[in-house]
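Grab a pencil and keep the viewer open.

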Amino acid sequence: MLHAIDTWHDKAACKGPESYLFYPPSTPERRDERDERERRAKSICAECRVRRACLDHALRIREQHGIWGGLTETERRPLLDAAS
Ligand code: SF4
């Protein structure tokens, strides 16, 4: 009998209708709109049980966009620089 591979992606709290919060929209976004979008995304990350694995993955692949593990790309940059 085959079993599905259980990965951290399967447990991501950001799956579903609010996944759009984790990336900038395709249309221009005001600073206050971005701040609110990021605040809402981070509040989901704060409750996510795979946050560490998500952040580790983003750092490992040097993800350039979006909120991963509760950090924006700008917030992840110092971690990447420190690891270089
Ligand atoms: S930590 Fe945030 S971005 Fe990562 S899987 Fe969880 S909810 Fe999604």
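This is a predicted model: local features need pLDDT of at least 70, side-chain atom pairs count only at pLDDT 80 or more; totals for chains, interfaces and linings use all residues.

**Exercise 1. The overall picture**

Work out which secondary structure elements the protein chain has, and in what order they run.

Solution. 
- Step 1: The order is α-α-α.
- Step 2: get the dimensions. Along its principal axes, the C-alpha trace spans about 50 × 35 × 25 Å.
- Step 3: check burial. Of the 84 residues in the protein chain, 31% are buried.
- Step 4: look at contacts between residues at least 6 apart in sequence. Of these, 38% join residues at least 24 apart.

**Exercise 2. Around the ligand**

Find out how many residues surround the ligand, and say what kinds they are.

Solution. 
- Step 1: sort the shell by type. It splits into eleven nonpolar residues, one polar and one charged.
- Step 2: The space it takes up is the largest pocket.

**Exercise 3. A residue in helix 1**

Decide whether Ala41 is buried or exposed, and list what it touches.

Solution. 
- Step 1: locate Ala41, which sits in helix 1.
- Step 2: take its relative accessible area, which is 0%. The cut-off for buried is under 20%, so Ala41 counts as buried.
- Step 3: set aside its neighbours within four places in sequence. Ala41 is then in contact with Leu21, Phe22 and Ile67.
- Step 4: Ala41 and Arg76 are 35 residues apart along the chain, and their C-alpha atoms are separated by 15 Å.

**Exercise 4. Helix 2 and what comes after**

Identify the buried residues of helix 2 and the element they pack against, then examine Arg62.

Solution. 
- Step 1: pick out the buried residues of helix 2. They are Cys54, Leu55, His57, Ala58 and Leu59.
- Step 2: see what they meet. The buried residues of helix 2 pack against helix 3 (73-83).
- Step 3: move on to Arg62, in the loop between helix 2 and helix 3. Its phi is near 50°, a positive value in a residue other than glycine. For background, most residues other than glycine have a negative phi.
- Step 4: classify the exposure of Arg62. Its relative accessible area is 42%, so Arg62 is partly exposed.
- Step 5: find the partners of Arg62, not counting residues up to four places away in sequence. Arg62 touches Leu80 and Ser84.
- Step 6: take the distance to Leu80. Arg62 and Leu80 are 18 residues apart in sequence and 7.5 Å apart in space, C-alpha to C-alpha.

Conventions. Residues are numbered from 1 along each chain as its sequence is written. Side-chain values use heavy atoms; hydrogens and water are left out. On a 1 Å grid over the protein atoms alone, a cavity is a set of points where a 1.4 Å probe fits but cannot get out, and a pocket is an open set with protein on both sides within 12 Å along at least five of seven lines; lining residues have an atom within 4 Å of a point. A molecule sits in a cavity or pocket if more than half of its atoms lie within 2 Å of its grid points. Ala, Val, Leu, Ile, Met, Phe, Trp, Tyr, Cys and Pro count as nonpolar, Asp, Glu, Lys and Arg as charged, and the others, Gly among them, as polar. Helices (H or I, at least four residues) and strands (E, at least two) are DSSP runs, numbered from the N terminus. Buried means under 20% relative accessible area, exposed over 50%, partly exposed in between (1.4 Å probe, protein chains only). Contact means heavy atoms within 4.5 Å.
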